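Please keep the sequence and the structure in view while reading.

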Amino acid sequence: MTTQKNSDDRIALLQGTLDLLILKTLVLGPRHGQGIARQIRRQSEEVFFVDHGSLYLALQRLEDRKWIAAKWGVSENNRKARFYSLTARGRGQLTEKTGEWQRLSRAMGLILGGEEA
Amino acid sequence: MFRRQRNAKDFAAEIEAHLALEEDELKSEGVSDDEAHRRARCDFGSVSAARERFYLKDRIPWLDSLARDVKFSIRQLFRNPGFTAAAVAVLALGMGASLAIFAFVDAALLEPLPYANPGRLMSVNESSSSAGRWPLSYPDYIDWQRMNQSFRSLEAHSGTGFLLRTPSGAEPVQAERVSGGFFQTLGVHPMLGRDFLPGENRLGGPNVTLLSYGAWLHRFDGRKDVVGRTVDLDDNAYTVIGVLPRTFNFALSGNAEFWVPINALSTHEKKRTFYAFEGVGRLRDGIGVKTAQAEIAGIARKLERLYAIPGRELNGSVIPLSEIIVGDVRPVLLTLLGGAVLLLMISCVNVVSLVLVRSESRRREIAVRGALGATRVRLVRQFVTEGLLVASGGSVAGAMVASVAMRLLGGMVPKDMADNMPFLEGVRLNAHTAAFAAGIALMAAVLFAAIPALRLLSQSVRDGLSDGDRGAAGRLWRRLGSNMVVLELAVSVILLVAAGLLGRSFYRLLHVSLGFDPGHLATLQVMASGNSYQGAGKTTGLYREIERRVSSLPGVQSAGLTSLLPAECDCATDNIRIVGRPDNGEHNEVDERHVSPGYLHALGASLLRGRYFSQADDASHPGVAVINEALAQWYFPGQDPIGQKIANDEGGVASVWEIVGVIGDVREGPLDGDISPAEYFPINQARQDSFTLVVRTAQDPAALLPLLVDTVRQIDPDLGVSDETTMDAKIDGTQAALLHRFAAWLVGGFAASALLLGIVGLYGVIAWSVSRRTREIGVRMALGAQRASVHRMVLGEAAVLALAGIVIGCAGALAAGRMMQGLLFGVRAWDPPTLAAVCIVLGAAALLASYLPARRAASVNPVDALRAE
């Protein structure tokens with residue numbers, strides 16, 4: 001998968017983080033797949049690139065687990081699109097996963113930072 | 001998983017929406033229309049990869065592709081209904097035939113008899129090296145039972161008949177006299193009431209009876225309170241003590257309804273040389289058949305010396321009971337199974353060649369799919385799936401054919417013969433037959449899957465795309481097709497020869513010399529027992545009255561009575577001596593019949609010398625006898641037997657009979673046996689309680705039967721009248737005729753099917769070869785070959801195949817004929833007329849099968865054939 005930009009400074013998403021990013025993106029309200037992809041790229045300051053195949057597979061997986069719900073709607077510019085929204089279960093998962101991630105990144109920071117100090 | 005699955009279409013729509021939204025967004029960022037379109041797609045990556053990942057998300061890939069293989073195969077098979085129907089039908093034919101026959105083999109030969117530990121049950125009888133095997137005498141039975149150490153128990157039984165008095169008149173019933181421990185020895189317990197008590201077995205014991213399940217159901221409406229009631233058998237009251245279970249049967253007793261203990265013996269039965277009882281014993285643990293046989297032989301010889309029994313060299317005989325019960329049908333069943341398996345083989349070969357031809361015609365399709373990236377394994381799997389589908393379809397259809405065939409075949413066995421073959425009840429789809437069916441199905445599946453797969457693996461994709469097939473592999477496979485046809489034709493020859501031999505045997509059997517004219521003969525069995533006919537001379541009046549009344553009926557030409565009908569069996573034999581010759585103790589066993597004065601005339605026997613009996617030959621006159629030619633030639637070679645005297649023990653009394661006539665041999669024994677010496681005594685001089693009326697009619701004898709029954713009943717309503725039929729039907733229903741008819745028709749059917757399949761196979765190979773050689777033929781013709789020579793070339797190819805099939809088949813047929821020698825009657829295994837006929841039939845059929853393709857080849861237009869390339 002190539003983009004027009006040099007992709008050296010981009011990072012492939014870690015296994016399992018995509019789910020968390022999707023849930024986080026949906027906190028602000030329903031979004032369609034393209035919006036989610038854009039949002040993740042933009043918010044990560046273009047560091048993360050999203051493999052669209054993986055994204056849609058992840059969306060489907062989350063939907064199957066009932067963490068998110070989907071329904072066809074119309075976008076601002078009047079295009080038909082499938083909108084995803086967070087369910088109550090998804091919200092609970094987001095809190096839990098965020099906590100987990102923060103513990104993980106703190107631990108990683110401690111080890112990596114400690115070595116540098 | 002019950003949640004609604006999102007379908008792939010919906011997913012595709014979502015991706016389309018994504019691309020459109022991305023394009024919009026890029027445009028709003030100032031990217032040009034074309035560039036936005038390009039970049040949206042570029043950024044997304046492979047749309048088809050995403051869709052495939054979505055598709056595979058919840059699936060197990062190989063299972064999924066299997067399901068698709070099956071779906072695709074079914075579509076393929078339906079697209080080609082001719083091929084599918086032919087393959088399934090051919091397989092169903094072969095499988096149905098072999099499965100149905102196997103069910104009989106299983107029931108008769110594999111399923112154990114319905115007794116406790118049946119392998120230890122032996123049939124124990126008298127025998128000698130010169131005369132074979134015959135029943136026991138009662139005194140011998142008692143001594144054997146007392147002296148032997150080999151048997152845990154030794155029992156005796158003997159068939160008999162009673163007149164059962166019912167409110168609607170007398171009815172003859174079959175019964176069996178058994179020794180007291182008979183049912184214990186078999187391991188059978190009454191389902192109602194009790195078994196015989198020890199004392200009931202003794203001579204002079206009480207009259208008690210066990211009922212067969214059938215008798216209980218039909219004569220006593222299955223009432224539980226039947227135990228303790230009495231029934232009137234031959235004017236004696238018998239107390240019902242129990243009912244035998246439904247599953248109980250004893251082939252040697254037919255369908256005996258009343259089972260009574262041996263509690264009285266006739267004058268004859270008390271004699272050591274009156275043989276009327278069959279022995280059944282259960283071996284002690286650890287004792288083998290040979291040990292038991294050796295011990296019994298020793299006892300028999302000891303008794304022979306002790307009682308000075310002349311001229312027999314008695315051995316005794318111990319044979320497994322199952323051997324006695326199914327021994328007769330084993331060779332027939334095994335022959336039929338062999339035939340059915342051969343037919344199955346042809347069917348499989350036929351379907352394989354169909355599959356091969358089909359895979360040949362799909363070479364292009366396979367090649368294209370291969371070129372488009374289908375892996376070889378994937379392609380092979382496709383063929384394997386198709387093979388499995390054809391095999392399972394054929395197997396299911398075959399099982400259905402088999403279940404119908406089993407019922408039809410079972411129904412073809414007449415009732416009274418089926419009574420002696422209780423195993424027929426067990427013919428059905430059971431674990432054994434299911435395993436057999438599964439085995440065949442599996443073998444067929446492997447065959448149909450493996451051969452096209454191997455075929456596919458042996459050819460490269462490029463060969464398939466180019467049209468010419470001149471490679472070595474192609475030749476190999478073409479040869480395989482020819483070889484398979486040769487195999488089919490050879491097997492057809494074997495089956496045709498077998499059918500021919502069996503058919504000729506059957507014909508010979510039905511046209512064997514009987515010594516009388518069986519047409520226009522009506523017969524019926526009469527039983528005169530009970531109080532009204534006790535005492536000497538009481539029955540003589542009855543015999544005269546029956547003969548007189550019946551003879552005067554309209555349409556009756558003549559009538560007579562006999563103790564036993566001809567063409568039945570060489571039973572009821574007599575040991576004779578010739579008066580005036582030294583008695584060296586020779587064993588002179590001859591068939592003995594008691595007949596009325598009118599009998600030999602009514603039968604249409606040919607009188608060679610002397611006279612028939614007259615009404616004057618009664619108890620007040622000296623004993624007279626008529627003998628057959630065989631007896632005359634055996635005992636009076638070069639002498640005039642008239643006036644000679646023969647001596648025997650008649651009814652336990654030493655008697656002398658003067659020979660007054662000689663008749664041409666009347667076949668008393670079975671159709672497939674040799675003619676035995678026979679003697680005929682006047683029924684008026686040796687009374688018979690049970691006898692058969694024989695009536696020669698002017699018209700159809702069957703039409704006269706009801707009138708005959710009425711006439712005999714009018715004479716005395718207490719007479720038992722049964723078994724009214726015609727002589728022709730009687731002969732048709734004998735075991736020899738039935739077994740031969742069965743074998744001939746079934747193997748004939750197999751052979752006809754095999755011939756058809758073989759010829760269709762030959763046609764297929766020749767037609768295919770012609771179609772592949774169209775261009776070559778075109779070239780030949782363009783270069784000046786005559787149509788006739790093309791014709792010859794194709795016919796020659798077929799002739800080589802047919803000839804190879806015939807030669808191999810003849811060799812196989814010879815071997816097969818040897819194996820079924822025991823079933824043949826009047827023909828040898830190497831029967832030139834049969835072989836010649838089969839060769840002609842097969843040759844003609846092969847010619848016919850190759851004529852059409854040959855004509856097509858000869859009518860090839862060289863210009864068209866060359867232009868087609």
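## The sheet of chain A

Strand 1 of chain A and strand 3 of chain A run antiparallel and are joined by two bridges. Helices (H or I, at least four residues) and strands (E, at least two) are DSSP runs, numbered from the N terminus, and two strands pair if DSSP finds at least two bridges between them. The model is predicted: local features need pLDDT of at least 70, side-chain atom pairs count only at pLDDT 80 or more, and totals for chains, interfaces and linings use all residues. Residues are numbered from 1 along each chain as its sequence is written, while chains are lettered from A and ligands numbered from 1 in the order in which they are written.

His32(A) has Phe83(A), in strand 3 of chain A, as its bridge partner. The open sheet of chain A holds three strands in the order 1-3-2, with antiparallel pairing. Strand 1 (31-32) and strand 2 (68-74) of chain A are at the edges with a single partner strand each, so one side of each has no neighbour in the sheet.

## Where the chains meet

Helix 1 (residues 8-28) of chain B lies across strand 1 and strand 3 of chain A, and runs at about 100 degrees to strand 3 of chain A. Such angles run from 0 to 180 degrees between N-to-C directions, with axes fitted as lines to C-alpha atoms, for helices over the stretch in contact.

In total, 19 residues of chain A are in contact with 17 residues of chain B; contact means that C-beta atoms, placed from the backbone, lie within 7 Å. On the side of chain A that touches chain B, helix 3 of chain A gives the largest share, five residues.

## Chain B as a whole

Chain B has 27 helices and 24 strands. Its radius of gyration is 38 Å, well over the 29 Å that the globule rule gives for 869 residues, so chain B is more spread out than a compact globule. The radius is taken over C-alpha atoms, and the rule is 2.2 Å times the number of residues to the power 0.38. Further values for chain B are tabulated below.

| Property of chain B | Value |
|---|---|
| C-alpha box along the principal axes | roughly 140 × 75 × 60 Å |
| Share of the 869 residues that count as buried | 41% |
| Share of contacts between residues at least 6 apart that join residues at least 24 apart | 83% |

A residue is buried if 20 or more other C-beta atoms, placed from the backbone, lie within 10 Å of its own, exposed if 12 or fewer, and partly exposed in between.

## Local features of chain B

Gly398(B) belongs to helix 13 (residues 376-412) of chain B. This glycine counts as buried because 30 C-beta neighbours lie inside 10 Å. Its C-alpha atom is 6.3 Å from that of Leu93(B), although 305 residues separate the two along the chain. Beyond neighbours within four places in sequence, the contacts of Gly398(B) include Leu91(B), Met95(B) and Leu99(B).

Four bridges join strand 8 of chain B to strand 9 (residues 236-243) of chain B in an antiparallel arrangement. One bridge partner is Tyr238(B) in strand 9, which faces Val231(B) in that pairing. The hairpin of these strands has two residues between them, and Asp234(B) takes a positive phi near 50 degrees.

Methods
Contact = placed C-beta atoms within 7 Å.
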